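Subject: Salt bridges in the model

Hi there,

Here is the structure I promised to pass on. Please have a look, and then read on for what turned up in it.

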Amino acid sequence: MITKKIDGLIAAPFTPFDENGALNLAQIPNYYQSLKNNKVTGGFICGSTGEGVSLTFQEKVDVLKAWTKLTKSDPDFSLMILLGGSNIKECRELATIAEAEGVDAISFTSPFYFKPSNVDQLAKCCAAVAEAAPNTAFYYYHIPVLTGGNFPMIDLLKAVDGKIPNFAGIKYTHEDFMDFLSCMNYADRKYDMLWGRDENMLSALVLGARGAVGSTYNYAAPLYYDLIKAFDDGDFDRANDLQQQSIDMITLLGKYGGISVGKAYMKQVGLDCGEFRLPVKNMTAEQYKSFESDVKKLNFNSFCSK
């Protein structure tokens, strides 16, 4: 169980698939070693980047076990799993399995089909899931652009404070800096607030964020560690330039189709994770050639993961 605030980068790994779209669990040891080589301090599996909503329950269990086999004896690597959101019963079942397998934290996001009507209902959902793994840290995953659960997180903290013993913090993937700062300061900075927008990391560092979860840390962790160092050293012009490099890199996701482009970046660092499942659109072979050309223009090799 995570008992202290996370410092550093937590990658959100892609789920590796083979050419037929089945799990490619044999890729995970290489993936884990790549993250370790690039000083990434943890993994947030089965999240948005990991296509958790496109995996079956058994596939989530299989991915979980493949990762915990590598990480449960590694005290320097924090493994977190997104249980899901809409099916509370399945989330509870997976939470219990995750705790037994030795994850460091479980995570849960707002139900996005039958949505909670208010923060109190959302808090009840969190409590129901968290109690299924009482000895494991629980993080709420705030990503309203995908779930529609657009409640102020400061209100959620007030609703759960003192009522969910293992509620550790929030993975905050939203742009409301006022709300984020209020959450950071709540109850004498009791809760761990993990920043979730890679392209806005510099702004979060200004507010005092020290831990972050993101997809681009899979393939560009050195860029962000350089950004953090520049900020800590007071070299704000360099920090600004490095954040712009991040933005330029992330802009290619929009140009070539969205979240699936992350797996194209993974190919650039030597890890083939296959394609995304439907309904996500993947690049054509012709688009991939154009993408490779644009990646070279970014001078990607100078800051990508090795």
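A salt bridge here is a side-chain nitrogen of Lys or Arg within 4 Å of a carboxyl oxygen of Asp or Glu. By that rule, the count comes to eleven salt bridges.

A word on the source: this is a predicted model, in which local features need pLDDT of at least 70 and side-chain atom pairs count only at pLDDT 80 or more, while totals for chains, interfaces and linings use all residues. Residues are numbered from 1 along each chain as its sequence is written, and side-chain values use heavy atoms, with hydrogens and water left out.

One of the salt bridges joins Glu131 to Arg92, with 3.0 Å between the closest N and O atoms. Glu131 sits in the loop between α4 (119-130) and β5 (137-142) and Arg92 in helix α3 (residues 88-101), so the pair ties together parts that are 39 residues apart in sequence. (Helices, H or I of at least four residues, and strands, E of at least two, are DSSP runs numbered from the N terminus.)

Lys190 and Asp161 also meet through their side chains, at 2.7 Å from N to O. Here Lys190 is in the loop between α7 (177-189) and β7 (192-195) and Asp161 in the loop between α6 (153-160) and β6 (167-172), so this pair ties together parts 29 residues apart in sequence.

Finally, Asp233 bridges to Lys229, with the closest N and O atoms 2.7 Å apart, and a network of salt bridges links Lys255, Asp294 and Lys297.

Best wishes
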